[in-house]
Amino acid sequence: MTLKERDKKHLWHPLTQHKLHPDAIAITKAKDCILTDENGNEYIDAIASWYTCMYGHCNDYITSRVSNQMQQLDQVVFSGFTHEPAIKLSEALIEILPENQNKLFFSDNGSSSVEIGIKMALQYHFNRGEKRNTLIAFEDGFHGDTFGAMSVSGLSVYNGPFADFFLNVKRIPTPNGKNLQTIITSLENIIGHNKVAGFVYEPLVQGAAAMSMHCAADLDEILKFCKKHSIITVADEVMTGFGKTGKYFASLHLESKPDVMCLSKALTGGLLPMALTTCSQDIYDAFYSDDLSKGLFHGHTYSANPLACTAALASIDLLKSETIQANIKTIIKSHEAFGQKIAQHHKVKSIRQTGIIFALDLDIKMERYGNLRDKLFNFFMNKGVFLRPLGNTIYIQAPYTIAEKQLNKVYEVIEDALEIL
Ligand SMILES: *Cc1c(COP(=O)(O)O)cnc(C)c1O
């Protein structure tokens, strides 16, 4: 039996309606930008396996560092204990994070990092004797699949069964360059009628909202409004972190620094699951007390796993290296050139780019959306490129190590796909 057949017996895949999508592709090997399936077919991983493996799969530098760490210390409780990989990682991150970030709290996935950010915002006010029970979020954001994270995400058909159990959330539109005044009026209205604890947002690029991009200057105004009203700003950089936007973090494009930041995905270069919620000293101080109950009583078994910390440390070394920084600049330029070329195509409605994230919207009538995603996905896979269209959007978020020839192939298959629509 093939792996594909054996898979169907017992496995339940994430975000999958198995009746409609019964088959999973069995991957047996990944190296640099290439995934190989059980039949020996090769695919360029043009979305870095959900934006994680930014330094290429099975990166030799990362795997050798982790392999050494495995001989030394595998796992230890992080309550009451500490270790060098976590300490070194905190030092390395503080150097590249926005300058107001000063404390790091570990977890092991992006949704949990957001959950912790929400708890920090709520308990910050609670500890200071002020009960604030409402959160603000963007209309079509995505922050993960746990309850807090779902609550601050945009309303979607997938959340239907749970919507009755969500936290109190008020939603505002993302700034599009023309609606800032409307947003500010809406914010004033929200704070007039609610006690707002925090604002959770994806800065500059909203991943699941089909790589929707917004204006930094207007986001800055929203953040300034929040600061003025002591609303804790929680930047979800789970996707945008670690170089994707051309800077180490999307928040570095903004004047106003977030109080709290959520990190995961590329944090460990895709080798191991880990997440972090970082915050300013001011947030931390609200929890620092002689009173036990003012602490942040949240913890995951695998918090600060030493192997994951080591993978993250090696990844940050790579991110800061001249080679990767040069690669990022090259990819940005290539995307710009491709964008200029493809924007003229009559089947392309619009293009957009932030750093190495490139997206194009197809000019397709809604009634033809039906199986568009599947059709495109299968077309790309048959041509040896792993792209995962969202609605009528095709986007690229390839590893920083992608070769020029591979990137050109990605562009080519996108151009070819326009011909079959
Ligand atoms: C992926 C993602 C999450 C959720 O992270 P998981 O590790 O999948 O739980 C949260 N926020 C953003 C912006 C993401 O892209």
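Student: Why is Lys-224 called partly exposed?

Tutor: In this predicted model, Lys-224 has a relative accessible area of 37%. Buried requires under 20% and exposed over 50%, so Lys-224, at 37%, is partly exposed.

Student: What makes the pair of Glu-255 and Lys-224 a salt bridge?

Tutor: The side chains of Glu-255 and Lys-224 meet at 3.7 Å, N to O. The criterion is a side-chain nitrogen of Lys or Arg within 4 Å of a carboxyl oxygen of Asp or Glu, so the pair qualifies. Glu-255 is in the loop between strand 10 (232–236) and strand 11 (260–263), while Lys-224 is in helix 8 (residues 216–228), 31 residues apart. Both residues also belong to a salt-bridge network that includes Glu-221.

Student: Why does Glu-255 count as exposed?

Tutor: Its relative accessibility is 62%. Since exposed means over 50%, Glu-255 counts as exposed.

Student: How do you know that Asp-259 and Lys-227 form a salt bridge?

Tutor: The closest N and O atoms of Asp-259 and Lys-227 are 3.5 Å apart; the limit is 4 Å, so the pair counts as a salt bridge. Asp-259 lies in the loop between strand 10 and strand 11 and Lys-227 in helix 8, so the pair ties together parts 32 residues apart in sequence.

Student: What makes Arg-352 and Asp-361 a salt bridge, and why is each called buried?

Tutor: Their side chains meet at 3.1 Å, N to O, which is within the 4 Å limit. Arg-352 has 18% relative accessibility and Asp-361 has 13%. Buried means under 20%, so both residues are buried.

Student: How many salt bridges does the structure hold, and how many are counted between domain 1 and domain 2?

Tutor: The structure holds 12 salt bridges, whereas the count between domain 1 (3–30 + 321–418) and domain 2 (63–320) is 0.

Technical notes:
Residues numbered from 1 in each chain as written. Predicted model: local features only at pLDDT ≥ 70, side-chain atom pairs only at ≥ 80, totals over all residues. Heavy atoms only, no water. Domains from an automatic or database assignment. Helix = DSSP H or I, 4+ residues; strand = E, 2+ residues; numbered from the N terminus. Buried < 20%, exposed > 50% of the residue type's maximum accessible area, 1.4 Å probe, protein only.
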